[in-house]
Amino acid sequence: MRLFTIYTVDGVVNGMVYAAVALALVMIWRATRIVNYAQGAMAMFTTYIALVVIQHGVWYWFAFVIALAAGLVLGALTERVLVRPVESRPPLNAVILSLGVLILLEAVAPMLFGGQTQSFPAPFSRIDITTGSTQLYVSPFDLFSVGAVLVAMVLLFLVFQRTTLGLRMRAAAFNPEISRILGIRVGRMLTLGWGLAALLGALAGVLAAPAIFLYSNNMDEVLVFGFTGAIIGGLDSPIGAVIGALGVGLVLSYVSGYIGSDLAPLGGLVMLIAVLMVRPQGLFTFGRQRQV
Amino acid sequence: MRSLLRRSTLLRHGLFFLALAAILGALTWFVFDPFTEYNVAGVAIYAISAAGLTVLTGLNGQVSLGHGALMMIGAYTTSVLLQWHPDLPLILMLFASIATTGVAGAIIGIAGARLRGPYLAGATLSLAVALPQVPTHFASLFGGNQGISVPTPVPPDALAAVTPQQWFTWICLAAAVITFFLLANLVRSATGRRLQMVRDNEVAARLAGVDVARTQVLAFVISAICAGLAGSLFAYWITLTSPTGFTLTLSLSLLTVVVIGGLGSLTGAVLGSFIIVYLPVWTGGFASSANLPSNVANNVPLAIYGIVLIAAILVFPRGIAGGVASISRAVATTFRSRRQTSTLPASPAPPAQ
């Protein structure tokens, strides 16, 4: 029972980081029908930027904000410069383009920041809290991670649901033609959407780095697990992405705890296949099915 | 003779690939130095795997981000069998790897037949990440992280003058020529047309009586078989089969090969493989002459792949083969119109991928 609690807490904490990546993927998918495979590499890159800032003796929280801002800029730039020309082309173009960005970023990062694996600081202790005689199996940094992702999600939800800007962004994603007629700058909305998604990814990068360390492809697995979560939930559903990512986090944690950490990704694969066998469009997609 | 050649694809391809095999065999024997032989074997191996991916992604439209994992299944089949019985002949290993990978491809294909677009890509991506960690867990069977060393194949006694390196290069080239001969015929066959029909319009294919799911599984099995064959040869080529040889980077490199060369083009698969093998050689030479630090030099090829992928999509969406084809078509058109003998209507440009 004690082990089960530990694995569950671990699963939820990791799952929240995957959820941030999953949500970023879903935001971009809903806006442009593109899966951004470079999401993880972008997060790696912005985390490196934060590390450089911290190594210059700057306060952690300042570096934290810089990482998020860098994510926003990187995401917006990627959309405006690279993705815009392929948005109207067959989907495979965008897939390959984002894989190209992924490979390029993972090659440039070691050139700029050095090839060796580096440790990344956490703003809070990573040792489990003990109150009196009871151990809580959760560290202050874990709580911060979960809290930060939750706050980011709530803020994004409010932006999308309660502001005019959010309404414009949703309209631009939902029907670009009509939105354009109504005077919405659709291109600008898509750029902003990519920027916000990459910001969320950058948050995941900073939160994951203390545990997985920082190297050029440290986010590959996080991206794959986040993507797995997003697919399990259904790429069109933000809620589904979060639930799917939490599920992936839990499954990975249980497999890794009870069977062996090397088999955790296999557990994720089995979960993915099992869900997709039953619901090929993910758990939370209730749209029209393809039909002849 | 000419009309016979035009009518019979099998005969035309047969003669072409026999000539190709003779030329490549002679080059290996008379011209290539050991370093070139090693690289040519690598090109052949990548080309076999890329050709399979060309059929799957280019012809059938299913994106696989996990082809490195399929190569891994082939490589481990060979390595584990050789670990038990080091004397087993190479040809048997190739067929054993083809068999296991074919079965794996069928399983993945059946699981993936209902999946479209990002859902299939996600499943194969997940495979590419999950599979390389399996040997670490079952270390007693798969040699763990250290991997399994693979003996170099020796030429038969009758060919005592042939070095093992030349012998292996011949084997790789022969495997590649046979694979490309079979695939070139497949592309022109009824099955090949069905693969493309499913890619272009699933609904129309279904209305025309094509079993879409079955066609997709078939495409997966064909491409898995190629990956298995390539994986088996890959094990002999790098002489050590370990999980680090089959990371996500390998899967992405294979997709790069297919895209650089030109999606859906078998010639493109060869051109792309040539680049992927020789680019690190060239940049390595450049980096050492320019005295670049190792963290820069090691990543130059990777950076170039990334740039080339992006440029390929933004500038040359049809890859090298497509670019060459359109240039030669333009040249041919000018030539023909100058001679004023053009009787055929200009062939419509194929749709951009």
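The legends below describe close-up views of a predicted model. Residues are numbered from 1 along each chain as its sequence is written, and chains are lettered from A in the order in which they are written.

**View 1. The contact between chain A and chain B.** Chain A contributes 43 residues and chain B 41 residues, two residues being in contact if their C-beta atoms, placed from the backbone, lie within 7 Å. On the side of chain A that touches chain B, helices H4 (91–113), H9 (220–233) and H11 (264–278) each supply at least two residues. H4(A) gives the most, with 16 residues. Helices (H or I, at least four residues) and strands (E, at least two) are DSSP runs, numbered from the N terminus. By class, this side of chain A holds 32 nonpolar, seven polar and four charged residues. Nonpolar covers Ala, Val, Leu, Ile, Met, Phe, Trp, Tyr, Cys and Pro; charged covers Asp, Glu, Lys and Arg; the others, Gly among them, are polar.

View 2. Ala22(A) lies in helix H1 (residues 2–32) of chain A. Ala22(A) counts as buried because it has 34 C-beta neighbours inside 10 Å; the cut-off for buried is 20 or more other C-beta atoms within 10 Å, for exposed 12 or fewer, with partly exposed in between. Leaving aside residues up to four places away in sequence, Ala22(A) touches Gly226(A), Gly229(A), Ala230(A), Ala241(A), Val242(A), Gly244(A) and Ala245(A). Its C-alpha atom is separated by 12 Å from that of Val149(A), 127 residues apart along the chain.

**View 3. Helix H16 of chain B.** Helix H16 (residues 300–314) of chain B has 15 residues and reaches 21 Å from its first C-alpha to its last, close to the expected 21 Å. The expected span is 1.5 Å times one less than the number of residues. Buried residues of H16(B) include Val300(B), Leu302(B), Tyr305(B), Leu309(B) and Ile313(B). Chain B has 17 helices and two strands, and buried residues make up 48% of its 353 residues.

Note on methods:
This is a predicted model: local features need pLDDT of at least 70, side-chain atom pairs count only at pLDDT 80 or more; totals for chains, interfaces and linings use all residues.
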